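Good morning, and thank you for joining. Please look at the sequence and the fold together as I go through them.

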Amino acid sequence: MMRRFVAAVVATAALLAAGCSASTGHGTADAAASSSPLPPDPRMAPALLKIATSFNDRYDNGDYGPVYDRWDTRSQAVITRAEYIERHKDCPGAPHTPSLTESANPGPHGSWLVHYEIGGQQLTDYWFYVHRSWRFDLVLSNPDSVKLYRMTPQQYAAATGCSH
């Protein structure tokens, strides 16, 4: 009887530890943080590849709202949706070659790495599957943008060479 009790306690502790160790800081608020609800995403590489391709295409075409809606909570804490869209409308980036999304593979700490190319430059984005939804991690994927988005609009415009 005592062995069963100890085994049950050990099993419960192991399950709790596994659940905690799988956490990546992309917790329950991620799904709720999006300003528009998204349908559940399949947790498969082809689904992520399709989502990441659409994400990059929307960014390339200036459709920034749905791009922001795919960000995780930590990334959305950097800048509001309205400010993000306004910054890109006020200071559009230089025209560039559209991105080519190439692959999606498991990465470190529960992440998935999406590899893509823009004008011959190889880039990698970090994505996490949280509450049946693929979420883009701006903080890991593009820390330089995080620094820019934390600036005032005037500082951002000066740093990006934008003139209104």
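Let me begin with a term: a residue is called buried when its relative accessible area is under 20%, exposed when it is over 50%, and partly exposed in between, using a 1.4 Å probe and protein chains only. Helices (H or I, at least four residues) and strands (E, at least two) are DSSP runs, numbered from the N terminus.

What you see is a predicted model, in which local features need pLDDT of at least 70 and side-chain atom pairs count only at pLDDT 80 or more, while totals for chains, interfaces and linings use all residues. Residues are numbered from 1 along each chain as its sequence is written, and side-chain values use heavy atoms, with hydrogens and water left out.

The protein contains 9 helices and 4 strands, and along the sequence they follow the pattern α-α-α-α-α-α-β-β-β-β-α-α-α. Of its 164 residues, 32% are buried.

I turn now to helix α3. Its buried residues are Ala47, Leu48, Ile51, Ala52, Phe55 and Asn56. They lie on the same side of α3 because they cover an arc of only 160° around the axis, the arc being that of the directions from the helix axis to the C-beta atoms. In general, an α-helix has 3.6 residues a turn, so residues three or four places apart point the same way. On the other side of α3, Pro46 and Lys50 are exposed.

What covers the buried face? The cover includes α4 (64-69) and the strands β1 (100-106), β2 (112-118), β3 (121-130) and β4 (133-137). Just after α3, Gly62 adopts a positive phi of about 75°.

Next, the nonpolar core, meaning a set of buried Ala, Val, Leu, Ile, Met, Phe, Trp, Tyr and Cys residues joined through side-chain atoms within 4.5 Å. The largest one has 27 residues, and those with the most contacts inside it are Leu48, Trp71, Ile79, Tyr84, Trp127, Trp134 and Tyr149. Helix α3 gives the largest share of this core, 5 residues.

Taking contact as heavy atoms within 4.5 Å, Tyr84 touches Tyr59, Tyr64, Val67, Tyr68, Trp71, Ile79 and Tyr149, leaving aside residues up to four places away in sequence.

Finally, consider Arg135, in strand β4. Is this residue buried or exposed? Arg135 counts as buried because its relative accessibility is 2%. Its side chain reaches the backbone oxygen of Asp69 at 2.5 Å.

How values were computed. Polar contact = N/O pair within 3.5 Å; in protein donor to acceptor, adjacent residues only side chain to side chain.
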